[in-house]
Amino acid sequence: MVDLMNGEHADIYVAGRLRPSHSRARILVVNPADEQGFATIPDGDKEDVSAAVGAAREAFENSGWPQLPPSKRANYLRRLARAIDSRAEQLGAIVTAEIGMPLASSVQSNGSGTSKYYDYYAELADQLEVESERVGHGLRTIIRREPVGVAGLIVPWNGPQGAIAWKLGPALAAGCTTVIKPSPEASLDSYMLAEALDEAGIPPGVVNIVFGGRETGALLAAHPGVDKVSFTGSTGAGRQVALACANRFARVTLELGGKSGALLLDDADLDTFFPLVAPACIPFSGQICHALTRVIAPRARYMEVVEGITAKMAGLLVGHPLDPATQVGPLVSRRQRDRVEEYIASGRAQGAKVVTGGCRPESLDVGYYIQPTVFRDVDSTMRIAQEEIFGPVVSVIPYDNEEEALAICNGTTYGLGGAVFTSEPERGMAIARRIAAGVVGINRYTLHIDAPFGGVKGSGLGRELGPEGLAAFLETKSIFPSQS
Ligand code: NAD
């Protein structure tokens, strides 16, 4: 294996081997903790995308992969899981250098936190009934589940191997062949995925990887040889992907942005909520789509809530991602930090008050760091309460009654996650039913491998994880057998 942490990487992974990209354009990979470029990756062009899609199409039509019994594909998935496990430390180190995720989280989320999805979809492949019989209303029908075809998998940088596994696991279980397009910020780790795919013996062409930015992604989404696009990223890019797919009715799953709310009812046990502030409101420096970045608090308890959140946020240790004591690392890029600073300025300009943070840490003059920030006196119409910031910024919004609280919670263009905190579980359940989001917690906030994940409204289309994640890569055919 070449040294991924240094140098120019010029290859794409097509038909089971690394080969030089056609494109000579390169993208610099910058370590957000020291602002230094340390490697380059190819910025894939039309020929690169066509080569990868062609290899996936060839494998879909002629390799026998879609026709394998699903339990045989499960064996490949399990081997892939073990190949990822054995690379956890290296994957974690590369991803930390690419995106600044604190090392322990990076090793976990790109190692065992990734392989578990391959194992899970191996289990579902074992249970997949390709053909089943339905008899009813005087007719016998064979219901057949077929892989949707060649799948384009486009992912963001903020949890690179996990995001790929959410798509690649079910795609392979279903019998699809694939082209992966990682994000330009986090691509080096996918060279290691290529190595793991080889080790797992995945047949050539079943998984292909092209590198590049927005243009490369757009070429993949628009390619006529791609039958399905599974996209995770921003809402704006998701809209472009949906339009590209609509042109040829390609299937599409979109996991997009969020502005999720934590709704604290008047009887909320704040000792349950406050410990969740760091992990649920600003996970990975707030760069997680389902972060609970809006806290909606009853006016009578407003200052108690503001002070509790502030104590948690101000107590977090901001530092270098390789320092084991670090709780909050840098943001992914200069662009991302500029964006977060612009939002902080807009919050101030619109009349909200910074209670803690709001600036770069004084002790760190290199690296894209921002102090965890809490805004009070936030009105739901302000930009900081409406738009996805993708940084360690929490807005605390007051309300006077439950209906108003719900209206605030549901009053954005997003609908990814939400949570309600209350001492009465039944009251929580009633509110949870009315929160317009794909994932809602009551006195907790979690994701689970078995539970479908995804958004409503501007947060996307379709679901990943659970059996629903597998169904997203299957077409259903009805066969009416001969009556003779
Ligand atoms: P992004 O939309 O800029 O890029 C995501 C991926 O899409 C990258 O690989 C990029 O190169 C590619 N891309 C960009 N424009 C494209 C286009 N027009 N056509 C095809 N591909 C295109 O997002 P990002 O900055 O990498 O990631 C942050 C965003 O991702 C945030 O909005 C976040 O909420 C969202 N996200 C959502 C989820 C979820 O599951 N809902 C998970 C993680 C991140």
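An N or O atom in the side chain of E388 is 2.6 Å from an oxygen atom of the ligand, and a backbone N or O atom of L256 is 2.7 Å from a ligand nitrogen atom. Taken alone, the ligand exposes 840 Å², of which the protein buries 90% (accessible areas by the Shrake-Rupley method with a 1.4 Å probe).

The model is predicted, with local features needing pLDDT of at least 70 and side-chain atom pairs counting only at pLDDT 80 or more, while totals for chains, interfaces and linings use all residues. Residues are numbered from 1 along each chain as its sequence is written, and side-chain values use heavy atoms, leaving out hydrogens and water.

Around the ligand there are 28 residues, and V155, K181, S234, L256 and E388 come nearest (a residue is near if one of its heavy atoms lies within 4 Å).

Helix α16 spans residues 425-434, and R427, G428, I431 and A432 are buried in it (buried means under 20% relative accessible area, exposed over 50%, with a 1.4 Å probe and protein chains only; helices are DSSP runs of H or I with at least four residues, strands runs of E with at least two, numbered from the N terminus). Seen down the axis of α16, these buried residues fall within an arc of 135 degrees, so they line one face of the helix; the arc is that of the directions from the helix axis to the C-beta atoms. On the other side of α16, E426 and R433 are exposed. The buried residues of α16 pack against β13, α15, β18 and β19, contact meaning heavy atoms within 4.5 Å.

Key:
Polar contact = N/O pair within 3.5 Å; in protein donor to acceptor, adjacent residues only side chain to side chain.
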